[in-house]
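Please look over the sequence and the model, then read the points below.

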Amino acid sequence: MTTTVCTSASNGMTRPSPYPSFASYVRARQPVLLRTARSLTANPCDAEDLLQSALAKTYVAWDRIEDHRALDGYVRRALLNTRTSQWRKRKVDEFMCEELPEPDPVGGDDPAERQALHDAMWRAITKLPARQRAMVVLRYYEDLSEAQTADVLGVSVGTVKSAVSRALGKLREDPELVLVR
């Protein structure tokens, strides 16, 4: 009696993974995934909880995920499924109490000022030429490296560096941003 054994996993040929461990994946991709989670929830704290739940599900399935190049898609799907499950439950976890459990903020950041700065920044970015605007958005909002930005736009790394430098100089001189600072 002969038995057929799958030898593809044991033949010594393993694909190199860009993320050797779950921890290195989380360290590398957490900012991007957190932005995705924030787009699914209204509260930044809920977004952090949502991402933590999705990452916990990813950790459980880590050994079963064959293509580690598709991890972002897997986590995004886990984020959506988790958020949908939360929405469907409609369970009320919050209740009123006499005393707030959070301490009073001590001279913290004013949300109105933060929003004014955000709005002024986007107005200033829209004044940039299209190419510089694209490079600034890819570098600082999408958190791509200079090399990744160059690949996306089909230019050299030096072009990205010089264009981003000129764009940041224009942003520093923008009268709206000078007043907000």
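Helix α6 (residues 146–153) packs against helix α7 (residues 157–173) at an angle of about 105°, and their axes are 8 Å apart. This is a predicted model, in which local features need pLDDT of at least 70 and side-chain atom pairs count only at pLDDT 80 or more, while totals for chains, interfaces and linings use all residues. Residues are numbered from 1 along each chain as its sequence is written, and side-chain values use heavy atoms, with hydrogens and water left out.

**α6 and α7**

- The two helices α6 and α7 are therefore roughly perpendicular to each other, a label for angles of 65 to 115 degrees.
- Axes here are lines fitted to C-alpha atoms, for helices over the stretch in contact, and angles run from 0 to 180 degrees between N-to-C directions.
- On the α6 side the contact is made by Glu146, Ala147, Thr149 and Ala150, and on the α7 side by Val157, Val160 and Lys161; contact means heavy atoms within 4.5 Å.
- Four of the residues in the contact of α6 with α7 are nonpolar, one is polar and two are charged.
- Helices are DSSP runs (H or I, at least four residues), numbered from the N terminus.

**Nonpolar cores**

- The largest nonpolar core has 17 residues, of which Tyr25, Leu33, Ala37, Leu51, Leu55, Val75 and Leu79 touch the most other members.
- Two or more residues of this core come from each of α1 (22–40), α2 (44–61) and α3 (71–89), and α1 gives the most, with six.
- A nonpolar core is a set of buried Ala, Val, Leu, Ile, Met, Phe, Trp, Tyr and Cys residues joined through side-chain atoms within 4.5 Å; buried means under 20% relative accessible area, with a 1.4 Å probe and protein chains only.
- Apart from this core lies another, of eight residues, including Ala120, Leu128, Val136 and Leu177.
- Beyond its neighbours within four places in sequence, Val75 is in contact with Tyr25, Leu33, Leu51, Ala54, Leu55 and Thr58.

**Asp72**

- Asp72 sits in helix α3 and is buried, with a relative accessible area of 15%.
- Not counting residues up to four places away in sequence, Asp72 touches Tyr25, Arg29 and Leu33.

**Asp174**

- Asp174 lies in the loop between α7 and α8 (175–180) and counts as buried at 8% relative accessibility.
- Leaving aside neighbours within four places in sequence, Asp174 is in contact with Ala124 and Lys127.
- The side chains of Asp174 and Lys127 are joined by a polar contact of 3.3 Å, that is, a pair of N or O atoms within 3.5 Å, one able to donate a hydrogen and the other to accept it.
- A polar atom of the Asp174 side chain lies 2.9 Å from the backbone nitrogen of Glu176.

Technical notes:
Buried < 20%, exposed > 50% of the residue type's maximum accessible area, 1.4 Å probe, protein only. Parallel < 35°, antiparallel > 145°, perpendicular 65-115°, else oblique. Nonpolar A, V, L, I, M, F, W, Y, C, P; charged D, E, K, R; others polar.
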